[in-house]
Structure formats: C-alpha cells, structure tokens
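The model is shown below.

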Amino acid sequence: MEATMVLITCELTLLKHQTMQKNSKKSSNSRVSDIELNSVDAEKENTESLNNFELLPREISLQIFSLLDVQSLCRASVTCRSWNCTITKNDFLWEPHCLAIRAVCKREIDDDRKSGYSWMYTLQRNYQKSKVKFNWLSGRYSNLCSSVSLPEKIMYPMDAETWGEILEAELKRCAEKSRTDLIT
C-alpha cells in the first residue's frame with residue numbers, strides 16, 4: 001500500500017513537471033502576445049496542478065496524511081484550504097501522535113479524552129507540555145545551579161499534579177544517586 005502511494009505521488013509530480021516543461025517550451029518559441037496568453041494558461045495549469053491531490057481517492061489522501069509526523073501534518077494543514085479541511089476533519093490522523101505523548105502525559109491525555117476533546121485538540125493542549133515534562137522527568141534539569149540556568153523558551157505552565165510527578169522523579173534520582181555514592 002505504501003509503495004502504491006509513493007508511486008502515485010511520483011506520477012503526479014512527473015505530470016506536473018511535464019506540464020511545466022511544455023509551457024516553458026511554448027512560451028520560449030512565441031511572440032509577446034503569445035507569451036502573455038501562455039502565462040495566463042500556465043497560471044491556470046499551476047492552479048489545476050495544485051488541486052491534483054484532490055483527484056486522488058479520499059482513502060489514499062488520508063493514507064498519505066496518516067504517514068506524516070506531527071510537524072509535517074501541521075505544515076500540510078496550512079498548505080491550502082482543501083488539505084486543512086481534510087486534516088482537521090479526520091481526527092484519527094492525530095490519534096497515534098496523541099497516544100505517543102500519552103507515555104509522558106497519561107493523566108492529561110486521559111482527562112482530556114474523558115472530557116470529550118478530539119484527538120487533535122488533545123494533542124494541541126498537551127504536545128508542548130509533554131516535551132517539557134519529559135525533559136524534567138528524564139533529569140535534564142537535575143543539576144541546575146539556579147533558576148537562571150533554566151531555558152525560558154522551553155518552559156510551560158504546569159499544574160500541581162505534574163510538578164508532583166516531577167518532584168517524585170527527582171527524589172527517586174537523588175535517592176539512587178545517594179545509594180550509588182554509598183556503594184562506591
């Protein structure tokens with residue numbers, strides 16, 4: 001199935017490239033008035049080639065989108081209205097990404113889903129938080145000398161329960177370090 005999608009994408013790209021080559025050959029051999037007409041035609045064909053993705057069966061479009069990572073999916077959603085509509089209306093595209101961050105933000109993801117939030121909205125609410133929380137839980141900020149050492153741009157407001165989880169992880173790290181220091 002994946003190979004079929006890649007083949008279809010390649011064929012669409014090839015068709016677009018061939019169309020553009022034909023237009024450039026025509027316009028280089030024409031007079032000024034013909035160039036103006038060809039530029040209008042080229043714009044029309046470019047607009048049509050942008051919509052070639054819409055010619056694909058919906059299932060294939062969705063399959064292609066489902067293979068994208070979070071950042072690529074977000075970028076694709078701002079490419080054009082058609083893609084935005086397809087991506088935002090098909091919540092299942094966001095589910096695997098949301099479940100991936102659930103490893104770090106289990107309570108938050110579960111609470112949002114119980115509250116009836118969509119997968120996409122749940123991911124939006126928790127994505128940045130999961131990155132910051134992961135860094136805290138993994139000990140990235142364990143040996144800071146002062147709060148000035150914390151990078152401001154990656155901080156995220158967190159609730160008391162999340163800070164509790166982080167402090168528990170930090171206490172476990174300290175206890176393990178103390179045990180290791182006693183042994184050596």
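Contact here means heavy atoms within 4.5 Å. By that criterion, and not counting residues up to four places away in sequence, L137 touches V104, E165, I166, A169 and R173. The place of L137 is in helix α9. Because buried means under 20% relative accessible area and exposed means over 50%, L137 at 26% relative accessibility counts as partly exposed.

The model is a predicted one. The chain holds ten helices and zero strands, so that the order of elements from the N terminus is α-α-α-α-α-α-α-α-α-α. Of its 184 residues, 27% count as buried. Among contacts between residues at least 6 apart in sequence, 58% join residues at least 24 apart.

The pairing of α9 with α10 puts the contacts of L137 in context. Two packed helices are described by the angle between their axes and the distance between the axes. For α9 and α10, the axes come within 9 Å and cross at roughly 25 degrees. Angles under 35 degrees count as roughly parallel, and therefore α9 is roughly parallel to α10. On the α9 side the contact is made by K129, K133, W136 and L137. On the α10 side the residues are T162, W163, E165, I166, A169 and R173. By class, this contact of α9 with α10 has five nonpolar, one polar and four charged residues.

Helix α10 covers residues 160–183, which is 24 residues. From its first C-alpha to its last, α10 reaches 35 Å, close to the 34 Å expected at 1.5 Å a residue. Its buried residues are T162, I166, A169 and E170. An α-helix has 3.6 residues a turn, so residues three or four places apart point the same way. The buried residues of α10 pack against α8 (106–114) and α9.

Another position in helix α9 is S130. S130 is buried, with a relative accessible area of 6%. Leaving aside neighbours within four places in sequence, S130 is in contact with I101, V104 and C105.

The largest nonpolar core has 16 residues, and F65, L73, I87, L93, W94 and L123 touch the most other members. At least two residues of this core come from each of α4 (58–66), α5 (70–77), α7 (95–101) and α9 (119–137). A second, separate core has five residues, including V132, W136, Y141 and I166.

Apart from neighbours within four places in sequence, L73 is in contact with F65, L68, I87, L93, W94 and H97. L73 also takes part in the contact between α5 and α6, where L73, A76 and S77 in α5 meet W83, N84 and I87 in α6. Helix α6 spans residues 81–89, and its axis comes within 7 Å of the axis of α5, the two crossing at roughly 130 degrees. That angle makes α5 oblique to α6. The residues of this contact of α5 with α6 divide into four nonpolar, two polar and no charged.

Note on methods. Residues are numbered from 1 along each chain as its sequence is written. This is a predicted model: local features need pLDDT of at least 70, side-chain atom pairs count only at pLDDT 80 or more; totals for chains, interfaces and linings use all residues. Side-chain values use heavy atoms; hydrogens and water are left out. A nonpolar core is a set of buried Ala, Val, Leu, Ile, Met, Phe, Trp, Tyr and Cys residues joined through side-chain atoms within 4.5 Å. Buried means under 20% relative accessible area, exposed over 50%, partly exposed in between (1.4 Å probe, protein chains only). Helices (H or I, at least four residues) and strands (E, at least two) are DSSP runs, numbered from the N terminus. Axes are lines fitted to C-alpha atoms, for helices over the stretch in contact, and angles run from 0 to 180 degrees between N-to-C directions. Angles under 35 degrees count as roughly parallel, over 145 as roughly antiparallel, 65 to 115 as roughly perpendicular and the rest as oblique. Ala, Val, Leu, Ile, Met, Phe, Trp, Tyr, Cys and Pro count as nonpolar, Asp, Glu, Lys and Arg as charged, and the others, Gly among them, as polar. The expected span of a helix is 1.5 Å times one less than its number of residues.
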